[in-house]
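Hi,

Here is the structure I promised to pass on.

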There are 2 protein chains.
Amino acid sequence: MEQQLKLFYGLSVLVAALAFAFAFYLYLWVKRQKSVNKKIIEVATLIREGANTFMAREYKILAIFSLTVAAIIFILLPHPIWKGNILTNLTMAISYLCGTILSALAGKIGILVASLSNARCAEAAQDGIKPAFMIGFRGGAVMGLIVVGCSLFGVATVLWLVNDATILLGFSFGASSLALFAKAGGGIFTKTADIAADLTGKVELGIAEDDPRNPAVIADNVGDNVGDVAGMGADLFDSNVAAMASALVIAQSLAGGIFDNVSMVFCYALLGLFASIIGIATARIGKNGNPTKALNSSTYVTTIIFMALTALATYFFEGFSWRIWGASSTGLLVGIIIGLTTDYFTDDSKPIVKKVARASKSGPAFTILSGVSYGFISAIPAMIGIAVSALIAFKICEPMGPGYAIFGISMAAVGMLSIVGMIISNDAYGPIVDNARGLAEMGNLGEETIKVADELDSAGNTVKAVTKGFSIGAAGLTVISLLGAFMSEVNSALAAIGKELIKGFDIMDPTVFFGTLTGAAIPALFSAMLILGVDKNAQRMVKEIHRQFNTIKGLKEGVEGVKPEYGKCIDIATTGALRELIPAGLMTIIATVAVGLIGGPKAVGGFLLGNIVSGLLLALFMSNAGGLWDNSKKYIESGNEGGKGSDAHKAAVIGDTVGDPFKDTAGPSINTQITVVSLVASLLSTIFVTFSIFG
Amino acid sequence: MEQQLKLFYGLSVLVAALAFAFAFYLYLWVKRQKSVNKKIIEVATLIREGANTFMAREYKILAIFSLTVAAIIFILLPHPIWKGNILTNLTMAISYLCGTILSALAGKIGILVASLSNARCAEAAQDGIKPAFMIGFRGGAVMGLIVVGCSLFGVATVLWLVNDATILLGFSFGASSLALFAKAGGGIFTKTADIAADLTGKVELGIAEDDPRNPAVIADNVGDNVGDVAGMGADLFDSNVAAMASALVIAQSLAGGIFDNVSMVFCYALLGLFASIIGIATARIGKNGNPTKALNSSTYVTTIIFMALTALATYFFEGFSWRIWGASSTGLLVGIIIGLTTDYFTDDSKPIVKKVARASKSGPAFTILSGVSYGFISAIPAMIGIAVSALIAFKICEPMGPGYAIFGISMAAVGMLSIVGMIISNDAYGPIVDNARGLAEMGNLGEETIKVADELDSAGNTVKAVTKGFSIGAAGLTVISLLGAFMSEVNSALAAIGKELIKGFDIMDPTVFFGTLTGAAIPALFSAMLILGVDKNAQRMVKEIHRQFNTIKGLKEGVEGVKPEYGKCIDIATTGALRELIPAGLMTIIATVAVGLIGGPKAVGGFLLGNIVSGLLLALFMSNAGGLWDNSKKYIESGNEGGKGSDAHKAAVIGDTVGDPFKDTAGPSINTQITVVSLVASLLSTIFVTFSIFG
């Protein structure tokens, strides 16, 4: 059986290598495409340089942060260095650093390809939807393949070398601490620029969204890349690693069949990546095809291939259980259901978006009230979906023996995340075509081309809502299994000091209850800090834009040759984003540590539960309400309820501005926050077991 | 010891009678005050009649609802009639009906006195702050005394007669089902009228808030009474009864000292009422005194008297424990801390309101974003406060023996609610002086009088934020003890059929987890339904107002003798409120039953936890954000950040409109929703134990 496990380690590395090779091929393909328009090349270069500036600054700060954390890990984890084994602590610290490096690498490569693709996609749009779609999609696919390849490669290699899943928690924590900063920092950056550009350009001067006179326009495009490409990539890298790590920690604690269980985790993960490769390779669009359909159908193809391949594997490998297959398929199907309900609430061909657009006719207060209400309602199918899939996975796997039920839930999370390569491809497609639209406008490629780019962009928005719902759902299931992993860790810490093991976290125990209420408060505080950060930062940038318009002669009037100082705006967005995200990120970690030191492991168990519950609710609410407002505005702009310039439109623009930091900053950062907190809890379990006031 | 219990039954009824007598005295005092202005009398009569119309319609529907529920209770509870004792079921059904009748009675009397006081308060404002304040305060105090008197009288009588605390759950459910409808229905009514009046009056025509030309103006004033007086009264009647009922259910299940424990519950409750009577009787204001200070200082006086009296009681009665005194005092102090933090976030002399006002200068989106953010942050002290007080109460009482820890938490809730008589008095003061302000304007009492009324009104708003925070906090602790009561009930049901008792609700059990996520979704759905209900209903009323302005000649121009049809607007608000609240109310009950039938008692335990956690978060968020927006608008109106008519003011008005249904409809209805769900769960525990799919 150990032999079989080695087979899967090898296969995992092989499939990861295949993904890298395929990504490299797609990269070369994109690079080969036509890029001749000087104006576009110039702007695209500005965007690339802006993104590089931000990432260089961010990575520098993160390097200091990561090295500090690595030092702390080396001293304290998994056991304080004066009590434990120096070598184990060193391995943990290195494993943590590997997680951060791979995450940063994946983000970096994604940005590189995205900023190559956007210019080429804009030029290809002159020839129609088909060539432009392929560039956007394949550019995004590079990111998807790299992210999933890195996570599979990283997890397999670390476990192969150290043979202890607990060390993987360090790797996973590296991935998620970086994701927290990439997602939240990128989210603050992108919305700072977006809001400031809209407030000064569209609202004050009445110029178009991507008008090159606006000093914030490059920062806005940079934001799409650092927020949506690098941020979302880091986020899903993190979820994927966390799902695998928690499944492996639980697998390691199960009696019997350990090699089979570990093999199964890798088997599912590698088949998911393999299915994604096939899905990406076969994605096609007709000459005048619908890009939304093309993106969705490749998701469905990948899903079916994955379920078929895992069924085959279950049939062939003796130790593989059909129950696990059932649990994993449940997770995947629920992921799709969550995606579809998100779509129902945010797609402008469906009734909800239209209702909010109609409410906007009574004024902005009604845009907000109806959006908030439907945003709340939209969270419910996903929450119940996650709850039901956890319940089903548990019940399916319970008969396999003690501990298997939780393992089943973790495999549902692995199942939901299996097709993540495909999901990221679709997601990264969005900012590429969004940028391409801006470049088409700035490069004066004409109405027809902009219309093509608009259609591609609209598909990007619809698909983005679905992938966000998917990633939040996946995070939900993952953290349930992380809760399981946390209990395993607590119990091994208890066993090590000869204390009685805990059987669970009883909500009637007031330390658990104390943790639950505190944990539930964290996502609210975290979101508020990020939104206020965007707010403050946007005010700073608005000031700078006003300064430029007032002091640079001829800028407002669009005199030939007069250019704004784009770099200043990028600087403000960068500095502000990093300044605002650090307190929010540290707050979540400190709160976890404080609860653990006050209430011990039971309080932390409750803390994780409260964090998951309120985090899921707020994340779904904010992401969906934001998408809903965005699309209501677009629906009105396309001529409904009075069209552009009407009172309804003005109200909808206010709704969209409120929704921007909801959907692109706070909402999608929350799931990373949940993962970080869960991993911090697992890593520090020994410390919480040893020291705590009320525990 | 049984003798001592009878003493406390007797004393409870006696103190309740004292409260009734004092309330009657205050009623006569208010009635004796001057009321001579014909215009004011005319309008006040319209308001009283409007309120009566609404309450008559509401009570008719509620009577049908209550009789139906009573019939269901008779058939099913506490045990199905074919298995149990007909007499017990009949007692339960009657007890339920008593709860509804007392709640309705308290609301009715409150409205009666409030609508007497408003006119007299307006006229007294001509003579200065002092006489007007006393009328407003004493009018409100009648409500406070009646509500707490009824609850103490009801609980003591029922338990004295039937000697089984489980029957009290029926009484409590009666109170809370009525409160759900009174609070949510009143909340929809009041905001429908308020928003419609503002949209048509202030925004479209630019006329003053209480201009008598506006057809919705009477409905708006009626709304203040049915929402804030009757609704809040029913709400706190419910919380108070629920706190006592759950403490008594737990006391009944404790081994040993049962009479002492039951005595203690009554002793604390009756001393709280007694302290409130003293606090009300001694409330005074200087000639040019500050009404906010006067209201707050009477709260502090009541608190100190209560703590001193309970300390004395603990010293004198042998079986009374200092630990319980500690738990109860903890609850009370946390209640005050929650009130003070709410004040920090919503008072316009504190920084947060000013920050939101400043943000409004950048446009309405920033009003909303900053208000949402600070609203989230404002929830955190209260949540942690509740968590910590529960933890402390538990730890203080844990050494007393098994089960006492939860009893300690329930006594913390009783402590927090002890001074509820005082709280309701302060709360009911608000709508009275708000109405008085409107009457002063409609009766042309002159600038000076309106200024006095404005000052009284502003104190009402500040104090209202504090009392809301208090009532949400109290509901938080109450439902924790209701969770304890639920477990007691489940265990007696299990014991009755000879099954193994449950020890708690483990969050690692996926049925519990399933319940938690589902329960967390309910307050979001419930709030969304209420907000959308206000939205829809306001649209209907706006249509009617437009119709009147267009068809009634001379109305817009204010021709002498031309009057709008006030009654039509009251009709719309009434019908709409009842139509919108019923689905929301039923949904919460049906969801509880569904979760219980699917997942059994464990899922319900999780359901209650999820409901409490997300309910507290959303209730605090919405109440505080709403208060914050309201006061930011007022802060700007008093000449800051550009003053009335500026862009910042327009943005702040939008924020206020968004906040209206947050703070007066959804936010304060959520705690009633939580109580209802908790009581339904406890009442149906036998059924969930017997039938369920996964349980």
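**What I found**

Leaving out residues up to four places away in sequence, A390(A) touches I409(A), A412(A), L477(A) and I480(A), and also P510(B), F513(B) and F514(B) of chain B. Please keep in mind throughout that this is a predicted model.

**One chain by itself**

Chain A has 18 helices and zero strands. Its radius of gyration is 24 Å, close to the 26 Å that the globule rule gives for 695 residues, so chain A is as compact as a globular protein of that length. Along the principal axes, the C-alpha atoms of chain A fill a box of roughly 80 × 50 × 45 Å. Of the 695 residues in chain A, 68% are buried. Among the contacts in chain A with a separation of 6 or more, 85% are between residues 24 or more positions apart.

**How the two chains meet**

How many residues of chain B are in contact with chain A? There are 63, and they meet 63 residues of chain A. On the side of chain B that touches chain A, at least two residues each come from α11 (364-397), α14 (447-496), α15 (510-551), α16 (566-637) and α17 (647-683). The largest share of that side, 21 residues, is supplied by α11(B). By residue type, the side of chain B that touches chain A divides into 44 nonpolar, 14 polar and five charged residues.

Next, the symmetry. Chain B is superposed on chain A by a rotation of 180 degrees with 0.0 Å of shift along the axis, at an RMSD of 0.0 Å. This is the relation of a two-fold axis. Both copies use the same surface, as 100% of the contact residues of chain B recur in chain A. If you want to find the rotation axis on screen, look for D506(B): of the residues of chain B, its C-alpha comes closest to the axis, at 2.1 Å.

**A helix with one buried side**

Helix α10 (residues 351-359) of chain B is worth a look. Its buried residues are I352(B), V353(B), V356(B), A357(B) and A359(B). They cover an arc of only 165 degrees around the axis, which puts them on the same side of α10(B). What covers these buried residues of α10(B)? The cover includes α9 (322-346), α11, α16 and α17 of chain B, together with α15 (510-551) of chain A.

F662(B) lies in helix α17 of chain B. It counts as buried because it has 32 C-beta neighbours inside 10 Å, and the cut-off for buried is 20 or more. Beyond four places in sequence, F662(B) touches M622(B), A625(B), G626(B) and G667(B). F662(B) and G627(B), 35 residues apart in sequence, have their C-alpha atoms 8.9 Å apart in space.

The other one is D220(B), in helix α6 (residues 217-253) of chain B. Is this aspartate buried or exposed? D220(B) is buried, with 29 other C-beta atoms within 10 Å. Apart from its neighbours within four places in sequence, D220(B) is in contact with A193(B), D194(B) and A197(B). The C-alpha atoms of D220(B) and D194(B) are separated by 5.1 Å, although the two are 26 residues apart along the chain.

Most residues other than glycine have a negative phi. N163(A) is exposed, with 11 other C-beta atoms within 10 Å. N444(A) is exposed too, with 12 other C-beta atoms within 10 Å.

Best wishes

Definitions and conventions:
Residues numbered from 1 in each chain as written. Chains lettered and ligands numbered in written order. Predicted model: local features only at pLDDT ≥ 70, side-chain atom pairs only at ≥ 80, totals over all residues. Contact = placed C-beta atoms within 7 Å. Helix = DSSP H or I, 4+ residues; strand = E, 2+ residues; numbered from the N terminus. Nonpolar A, V, L, I, M, F, W, Y, C, P; charged D, E, K, R; others polar. Least-squares fit on C-alpha atoms with pLDDT ≥ 70 in both. Rg over C-alpha atoms; globule rule 2.2 N^0.38 Å. Arc of directions from axis to C-beta.
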